[in-house]
Amino acid sequence: EAAAVRQVASAGLDADILCLARLKREDIDAAADAGVDLVLLFVPASPVQLKVKMRKTVDELLPEVARVTEYARERGLRVGFSTEDSTRADLGDLLRIYRVALEAGAERVGLTDTVGCSTPNGIAKLVREVRTGLGGFPVSVHLHNDFGLATANALAGVLAGAGFVTTTVNGIGERAGNVPLQPFVLAAELLYGVRTGADRPLPRVEAEE
C-alpha cells in the first residue's frame, strides 16, 4: 500500500495528493515518507462507534486529536480532519472534536455519513450547523449510497456550504458505494451552475418551466 501511494504521489499529477490516516504516528510517518500533500485524519464520533472502535469517550479522545494533528503538521503535511458516523453523532461532540483539530492546525473538517442513513435535508442541516458552529470554516462531505442518495446528499451538502466532496470513479466503494464522480460533476455544473474544478467547465443549462 505504501508503495502504491508513493507511486501516485510521484507521478507528477496536476493535483494535491491526499492520504487517509488513523490517529497513529506510524500512519503519519508513512504518509509523509510517501510524499503526499495532505493527510486526512479520522476518528469515530457517534456513541456506538466510539464504544466499539475506540473504547473511549470524546473527552478521552480530544488530547489524542490535538497531539496527532500537531505531529502531522510538524511532518510538513497539510491536515484535514474527519469524523466517522457524523450523521449519528451528537452535534456538540462533533464541534468539540473539530475545534481541537482546528486549533492544532487542521485546514478543513469532514462530515461522514458512514452508514448511508441520511437524507438531503439532513445533510444540508448538518453542514449548515457545523459551518455556523465553526464560524464558516471549510467543511467537506463523505457520503455512502446505501439508500441511493449519495449524489443527492452531495449536492445538498454543496448547496448548504460544503466546499469539498469525496467522490469515486463510478461510485466504487464499500457496500453500495460512494458518490460517483461523473453524475455529481454534471449535476453540479449543469443543473446548479456550481463550478467543480473539473476539466472543460460546462455551461449552465436553464431548466424549462
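**View 1. The largest pocket and the residues around it.** The largest pocket has a lining of 35 residues, and those nearest its centre are Leu18, Arg108, Val165, Thr166 and Thr167. Two or more lining residues come from each of β1 (18–21), β2 (38–44), β3, β4 (108–113), β5 (139–143), β6 and α8. The largest share, 4 residues, is given by α8. By type, the lining holds 17 nonpolar, 12 polar and 6 charged residues. The space in the largest pocket comes to about 1400 Å³.

Terms for this view: a pocket is searched for on a 1 Å grid over the protein atoms alone, as an open set of points where a 1.4 Å probe fits, with protein on both sides within 12 Å along at least five of seven lines, and lining residues have an atom within 4 Å of a point. Grid points are joined across faces, edges and corners, and the volume is the space filled by probe spheres set on the points. Ala, Val, Leu, Ile, Met, Phe, Trp, Tyr, Cys and Pro count as nonpolar, Asp, Glu, Lys and Arg as charged, and the others, Gly among them, as polar. Helices (H or I, at least four residues) and strands (E, at least two) are DSSP runs, numbered from the N terminus.

The model is predicted: local features need pLDDT of at least 70, side-chain atom pairs count only at pLDDT 80 or more, and totals for chains, interfaces and linings use all residues. Residues are numbered from 1 along each chain as its sequence is written, and side-chain values use heavy atoms, with hydrogens and water left out.

**View 2. Helix α8 and what covers it.** Phe184, Val185, Ala187, Ala188 and Glu189 are the buried residues of α8; buried means under 20% relative accessible area, exposed over 50%, and partly exposed in between (1.4 Å probe, protein chains only). The cover over these buried residues includes α7 (150–159) and β6 (164–165).

View 3. Gly197 counts as exposed because its relative accessible area is 69%. Between Gly197 and Val185 there are 9.0 Å in space, C-alpha to C-alpha, for a sequence distance of 12 residues.

**View 4. Asp85, a residue with positive phi.** Asp85 sits in the loop between β3 (78–84) and α5 (91–103). Its phi is near 55°, a positive value in a residue other than glycine. Asp85 has a relative accessibility of 0%, so Asp85 counts as buried.

**View 5. Asn170, in the loop between β6 and α8.** The phi of Asn170 is near 60°, again positive in a residue other than glycine. Asn170 has a relative accessible area of 58% and is therefore exposed.

**View 6. The chain behind the close-ups.** The chain has 8 helices and 6 strands. Its C-alpha trace spans about 55 × 40 × 35 Å along the principal axes. Of the 209 residues, 43% are buried. Among contacts (heavy atoms within 4.5 Å) with a separation of 6 or more, 65% join residues 24 or more positions apart.
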